[in-house]
Amino acid sequence: MIKSPSHRRHWLTGVSAAALSLAGLGGFSLTVLAPTAAFAAIECGDPATNGAAPDSFICTGGTYPIGITYPATVGDLTLTLQDDAGGPVITTTGGVQVIGAFAGDDITITRSAVTAGNGDPSLINLTGNGVTASGLVSNVVIDLSDKDAGDTPIVVTGSTNGIVALTTGAAGDTSVTLTNGTVTGKAGNGITAKSGAAGTTTVATGGATIIATNTALLGSAYGISATGGANVVVTGTGPITATGDQYAIGVYSDGPGPILINETGLITATANT
């Protein structure tokens, strides 16, 4: 459980019962690079080349054997995972990791489809989170919704958490959006989303399957963990499964704003034995 001040509200959903205590301006650049193992990081373009101006990089289809990593933003950063003639973006480890270095640097990880029906991303990390976007007093968006329905749905798998979207500080909104596919956290949460103290957190999973597993003694595993300051919204129609010593859905609010949960899929929470 997360320890918190007495005014924090909690919405925690298990198997059959609920416990209720519960951005771009001038100087914008666009870069397109093909996958390569030559980069240790910044695989799709260097955000430092235009100073602190906003950047938008396209990661073209193909395999990124060590993942896609941006360890320090320099201005707002949009990273687009593109399905094209080279196929979808695939990481055999490393996943996709974007870390904000400066307050106010908005982070967006999204998708596009130039060649329809050529497969969807497979984002695997054998040594951490499948996908991470972490900002400082900024807006953080992870939008992995399907752009060309009909082919193999997206897969996101982390050895710890599946997807992590968070921002720290007094402000900043956070959102995670999916249409379909499977998100798995093998030793943590399926999805973790946290806004700034006065921000809004939105998690919309569509029909995606969310899986969280932590077999360690007292190991924490939420299918979805969402924390917000002003508002918290969690919606979806797909199944959510958590195996560990937590809940399938945990929603926390640090402020007086509303909490909305509308998950209509099968929800299962299983304690470690």
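Here are some worked exercises on the predicted model shown above.

**Exercise 1. Work out how many helices and strands the protein chain has, and how much of the chain is buried.**

Start with the secondary structure: you'll find 26 strands and 0 helices in the protein chain. Next, look at burial. The chain has 273 residues, and 52% of them count as buried.

**Exercise 2. Decide how the rings of phenylalanine 57 and tyrosine 70 are arranged, and what parts their pair ties together.**

The structure holds 3 aromatic pairs. In the one formed by phenylalanine 57 and tyrosine 70, the centres are 5.9 Å apart and the planes make an angle of 20 degrees. Planes under 30 degrees apart count as stacked, so this pair is stacked.

Then place the partners: phenylalanine 57 is in strand 4 (residues 55–59) and tyrosine 70 is in strand 6, so their pair ties together parts 13 residues apart in sequence. Last, check burial, for which the cut-off is under 20% relative accessible area. Phenylalanine 57 counts as buried because its relative accessibility is 1%, and tyrosine 70 counts as buried at 0%.

**Exercise 3. Do the ring geometry again for tyrosine 222 and tyrosine 252.**

Here the centres are 6.2 Å apart, with 90 degrees between the planes, which makes the pair edge-to-face. Tyrosine 222 sits in the loop between strand 20 (209–213) and strand 21 (224–228), while tyrosine 252 belongs to strand 24 (residues 249–253); the pair links distant parts of the chain, 30 residues apart. Both tyrosines are buried. Ring pairs also bring in Tyr247, giving a cluster of Tyr222, Tyr247 and Tyr252.

**Exercise 4. Say where alanine 72 lies and which residues it touches.**

Look in the loop between strand 6 (68–70) and strand 7 (77–83) to find alanine 72. Its relative accessible area is 38%, so alanine 72 is partly exposed. Not counting residues up to four places away in sequence, alanine 72 touches Pro47, Ile99 and Ala101.

Terms used: Residues numbered from 1 in each chain as written. Predicted model: local features only at pLDDT ≥ 70, side-chain atom pairs only at ≥ 80, totals over all residues. Heavy atoms only, no water. Helix = DSSP H or I, 4+ residues; strand = E, 2+ residues; numbered from the N terminus. Buried < 20%, exposed > 50% of the residue type's maximum accessible area, 1.4 Å probe, protein only. Contact = heavy atoms within 4.5 Å. Phe/Tyr/Trp six-rings, centres within 6.5 Å; stacked < 30°, edge-to-face > 60°.
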